[in-house]
Amino acid sequence: MTGIARALRTLAAAGAALLAVTAAAPVAAARPEPKAPPEFVDLRSVDPTIITEMRYTTAHNFMGEPVDGYRQPVCILTRPAALALRTAQRSLLRQGYSLKVYDCYRPQRAVDHFVRWAKDLDDQTMKDEFYPQVDKTRLFEDGYIAEKSGHSRGGTVDLTLVKLPASPTRPYEPGEELAPCYAPRGERFPDNSVDMGTGYDCFDTLSHTDDLRVQGVQRANRQFLKSTLSASGFVNLAEEWWHFTYRPEVFPDTYFDFPVARRSVAGH
């Protein structure tokens, strides 16, 4: 046997041994996705009349891309929060209005995505609409981005009011020209909601619920939303007219990370 032949035979034997070891090794089981505790529900199973526009499943948000963990445009909340929204919705329907939710439960992986984006100072894709007057280096200091969110506890919701009958809202086209979120209603991105003075997720002090620069119909709309939800047990975050938390929270100290998907609450 030549030296080359012996070498090839040795390599073949080594390869066969490696294949045998690989075949014998146990296959690592895929980690199952976490599911929501039974206290969580799909809002549509409680009240299908509430309009849903889950922004973080789309590219129309301050990052300009779908957010980690948002698999489907479904509003997931703890059952008490969902039932309280149903109470508010019944009151609004009698007055010719509907609630529209932008965001509900938010997984921790989505919050982590926000944090990574905020630290990437080169990514200014959506600045002209969502934070035109805020330097991105200040997003943490000014409180626009944080490493934890009350949304991850399941009792917080971002929402607005829509006058019925609701007109459709056109989809956002990535790359389209952006207008500031605080521009006059006819200039900023169209939304079928009533005029609240700014768009949703507007990183600006004009988004503060009681900012005195917001007057007239815009102020009245904010107060209408706030008073309606307050009567159903929700507390508004003073810095964001759209942000409400149901009290008492079912999970006041727990931040969940199951994905936003129907399967997370299947059977609840």
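Cys 75 is buried, with a relative accessible area of 2%. Here buried means under 20% relative accessible area, exposed means over 50%, and partly exposed lies in between (1.4 Å probe, protein chains only). This is a predicted model: local features need pLDDT of at least 70, side-chain atom pairs count only at pLDDT 80 or more, and totals for chains, interfaces and linings use all residues.

**The overall plan**

Six helices and seven strands make up the protein's list of elements. These are DSSP runs numbered from the N terminus: helices are H or I with at least four residues, strands are E with at least two. Follow the sequence and the pattern reads α-β-α-β-β-α-β-α-α-β-α-β-β. The protein has 268 residues, and 47% of them count as buried.

**The disulfides**

How many disulfides does the structure hold? There are two. A disulfide here is a pair of cysteine sulfur atoms within 2.5 Å. Number the bonded cysteines in sequence order, and the pairing is 1-2, 3-4.

| Disulfide | S to S distance | S-S torsion | Hand |
|---|---|---|---|
| Cys 75 and Cys 104 | 2.0 Å | about -105 degrees | left-handed |
| Cys 181 and Cys 202 | 2.0 Å | about 60 degrees | right-handed |

Look at Cys 75 and Cys 104, joined by a disulfide. Cys 75 sits in the loop between strand 2 (51–52) and strand 3 (76–78), and Cys 104 sits in the loop between strand 4 (97–103) and helix 4 (108–119), so the pair ties together parts 29 residues apart in sequence. Cys 104 has 0% relative accessibility and counts as buried.

Now turn to Cys 181 and Cys 202, joined by a disulfide. Cys 181 lies in the loop between strand 5 (156–163) and helix 6 (216–230), and Cys 202 lies in the loop between strand 5 and helix 6 as well, so this pair ties together parts 21 residues apart in sequence. Both Cys 181 and Cys 202 are buried.

Is Asp 201 buried or exposed? Asp 201 counts as buried, at 6% relative accessibility.

Pro 190 is placed in the loop between strand 5 and helix 6. At 36% relative accessibility, Pro 190 is partly exposed. Set aside its neighbours within four places in sequence, and Pro 190 is in contact with Thr 169 and Arg 170. Pro 171 is 19 residues from Pro 190 along the chain, and their C-alpha atoms are 9.3 Å apart.

Pro 165 is found in the loop between strand 5 and helix 6. The peptide bond from Leu 164 to Pro 165 is cis, with omega near 0 degrees. Another cis peptide bond joins Arg 247 and Pro 248, with omega about 0 degrees. Pro 248 is in the segment after strand 7.

**The nonpolar core**

In soluble globular proteins, nonpolar side chains tend to be buried together. A nonpolar core is a set of buried Ala, Val, Leu, Ile, Met, Phe, Trp, Tyr and Cys residues joined through side-chain atoms within 4.5 Å. Which members of the largest nonpolar core touch the most other members? They are Leu 85 and Leu 99, out of 62 residues. Helix 3 (residues 79–93) gives the most to this core, with six residues.

**The largest pocket**

A pocket is an open set of points on a 1 Å grid over the protein atoms alone, where a 1.4 Å probe fits, with protein on both sides within 12 Å along at least five of seven lines; lining residues have an atom within 4 Å of a point. The largest pocket is lined by 27 residues. Which of them lie nearest its centre? Arg 106, Ser 149, His 151, Glu 240 and His 243 do. Helix 4, strand 5, strand 6 (234–236) and strand 7 (243–246) each supply at least two residues of the lining.

Technical notes. Residues are numbered from 1 along each chain as its sequence is written. Side-chain values use heavy atoms; hydrogens and water are left out. Contact means heavy atoms within 4.5 Å.
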